[in-house]
Amino acid sequence: MFSERVQNLNNKLDESTKIVQKRNTKNISDRKLITIALADANHELATKIDNQIVTEPNSFPKTSQIQAIWQMLADMYFRIDPHGIILEYQSSKTYNLIKPSSIIPGKQLLECLPTSLVIRFHQAINQALQTQAVVSFAYSLDLGESKAQFEARLLPLESQEIIVLVRDITHIVQEAFIECGDNFRTIVENANNVIFSLTPDGLFSYVSSNWKDILGHEVAEVEGQHFAGFIHQEHLSTCVNYFTTVFTTGQQQEAIEYRVKHKNGNWQWHSCYLSAIKDATGNIIYFIGICHDITVRKQEELRRQRTEKALRKSEAKFRAKTQQLEETLRQLQQTQAQLIQSEKMSSLGQLVAGIAHEINNPVNFIYGNVKYANDYVQDLLHLIQLYQQYFYPPTPEIHQQIYAVDLDFIRQDLPKVLDSMNSGAERIRQIVLSLRNFSRVDEEGVKLTNIHEGIDNSLLLLQNRLKSQPESPEIEVIKEYGDLPQVMCNPGQMNQVFMNLLTNAIDALEEVAIPHPQIQIRTYLQADDRIVISITDNGPGINEKIRDRIFDPFFTTKAVGKGTGMGLSISYQIIVKKHRGKLHCVSTAGAGTEFLISIPRLVE
């Protein structure tokens, strides 16, 4: 039965060989595919015989038949005992052993092998004996000027003997390598990027054929030329420094962007990576680079820059409108008062950001010119002093006017007035900065944020309500900040929550007369990597009947016109829905109220 299966497989192999001979095909790709197919068929035959030996040892044929089969399947055949002693040996090729004439039964197989293979064969023999399964591996040997590839297969028998088959697979490896080389060449020639190699002197030793499609030059016009001849003069130093860095470090650097000249004279933008290829001793032998045409993207960037420049010019015109400062400040005060009284904070960020932007320009104009105004005033006062010194006594009209305007007082007070104006402008700039930080107008989405900065900005905007009033004492703010890392969150939304909770605490403290009103703010990091913010007041607290409804939309206990009932509802949605956190209220009537915010440090 075993011999019949071998003969059937061998017949199939012979038929495939005859077909190849009849076709005598001239197509290189077909010949490669057919050669590989024949090698696979041969491998299939060997594998089935190996499995037959392991699974059906009783059907194994006689010794003469074994030798005939091995002669057909392998270039070398050994049968060895568990100690590696050669019991039988057949070979059609002996060039991969050191002393073919010394290979005789009774000799150790490992003594007949090259030194580089002894350990690998020894491991394979032990593995075959321990697992009682077929063990195979490939290896290579240097044969003078060439290198041959071999495959060794070890088949354990029930008698604890091992069949060792060695097959020359050099032609299979070479065919596969040629096929891979053809595929790689096809990929390179059809890629959208230019692939090139440079010598250590910066000369093109190879460029892909699509150079002509992208830059117009024939390959022969580029190879052998220095890369500097194609680079725009403005970017030449950048490219030379990049090349020098790769040459010096031997490491791939970040891509650079530069302009390269098309054959028609136009300049195109390219992005390029360069990698150093080293020999076995670590010396650089050449460089491989990949270029990508980014001309369209660069043109879009230039158009965007021109647009931004036009916008900056437009903004400069508004800085000249200093007369709008007083009106803008009045609008800020009105808007700030309305925001403090309102619980609905969903549009606070955009509103405050717009106001801060409008104020910032004229304030910067005034702040930047106060110094010059002060210098001019000092010059004028000095000039008046010189007039008084060299044109004395003054005419009666001038003397009367000096007395009327109280010139001495003006000399003393005018510098003070200018200093006050400078201080006021600086204060306005600080307020605008706090508004911008609070609104986070230039920040969108989730990002790493300093929680303490958001709380402090909210307190700064509420400073007017924290001060003592005729009807209520000053509210003391106690801050107990823990050592918090930056938190991944939406900073604008978190500032909205802080403003809502702090406004509610201030409203609660103003409802009743408390000798020492306080708001305590604590922050700390839990063991489960969650950030906790606690805002507590010593006000009248919340009744148990309404405590469960405080997060409901439009629910409020405040007078008409003072609250919309949306502040806590919006805060709850921001913390729970958008930051996967928790917002709790702990309160007892007459014992104050605590709001606890808990959010993960990193929000996806």
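Glu 301 and Arg 297 join their side chains in a salt bridge, with N and O 2.7 Å apart. The model is predicted. Both residues sit in helix H9, four residues apart, so about one helical turn separates them. Glu 301 counts as buried, at 19% relative accessibility, because the cut-off for buried is under 20%. This pair belongs to a network: salt bridges with shared partners join Glu 257, Arg 297, Lys 298 and Glu 301.

**Salt bridges**

- The structure holds 20 salt bridges.
- Arg 79 and Glu 161 form one of them, with 2.7 Å between N and O. Arg 79 is in strand S1 (residues 76-80), and Glu 161 is in the loop between strand S4 (146-156) and strand S5 (162-168), so this bridge ties together parts 82 residues apart in sequence.
- Arg 297 also forms a salt bridge with Glu 257, where the closest N and O atoms are 2.6 Å apart. Glu 257 lies in strand S8 (residues 256-261) and Arg 297 in helix H9 (residues 295-319), so the pair links parts that are 40 residues apart in sequence.
- How accessible is Glu 257? Its relative accessible area is 31%, so Glu 257 is partly exposed.
- Arg 297 is partly exposed too, with a relative accessible area of 36%.

**Packing of helices H14 and H16**

- Two packed helices are described by the angle between their axes and the distance between the axes.
- Helix H14 covers residues 451-461, and helix H16 covers residues 491-511. Their axes come within 9 Å and cross at roughly 45°. That angle makes H14 oblique to H16.
- Which hand does the crossing of H14 and H16 have? The crossing is right-handed.
- On the H14 side, the residues in contact are Ile 451, Gly 454, Ile 455, Ser 458, Leu 459 and Leu 461. On the H16 side, they are Asn 495, Phe 498, Met 499 and Leu 502.
- By class, this contact has seven nonpolar and three polar residues, and no charged ones.

**Leu 501, a buried residue of H16**

- Leu 501 lies in helix H16. With a relative accessibility of 1%, Leu 501 counts as buried.
- Which residues does Leu 501 touch, apart from neighbours within four places in sequence? Leu 501 is in contact with Ile 535, Leu 568, Phe 595 and Ile 597.
- Leu 501 and Ser 571 are 70 residues apart in sequence. In space, their C-alpha atoms are 8.3 Å apart.

**His 235, a buried residue of H8**

- His 235 is part of helix H8, which spans residues 233-249.
- Is His 235 buried or exposed? His 235 is buried, with a relative accessible area of 12%.
- Setting aside neighbours within four places in sequence, His 235 is in contact with Tyr 258, Arg 259 and Trp 269.

Definitions and conventions:
Residues numbered from 1 in each chain as written. Predicted model: local features only at pLDDT ≥ 70, side-chain atom pairs only at ≥ 80, totals over all residues. Heavy atoms only, no water. Salt bridge = Lys/Arg side-chain N within 4 Å of Asp/Glu carboxyl O. Helix = DSSP H or I, 4+ residues; strand = E, 2+ residues; numbered from the N terminus. Buried < 20%, exposed > 50% of the residue type's maximum accessible area, 1.4 Å probe, protein only. Axes fitted to C-alpha atoms, helices over the stretch in contact; angles between N-to-C directions. Parallel < 35°, antiparallel > 145°, perpendicular 65-115°, else oblique. Left-handed = near helix turned anticlockwise from the far one by under 90°. Contact = heavy atoms within 4.5 Å. Nonpolar A, V, L, I, M, F, W, Y, C, P; charged D, E, K, R; others polar.
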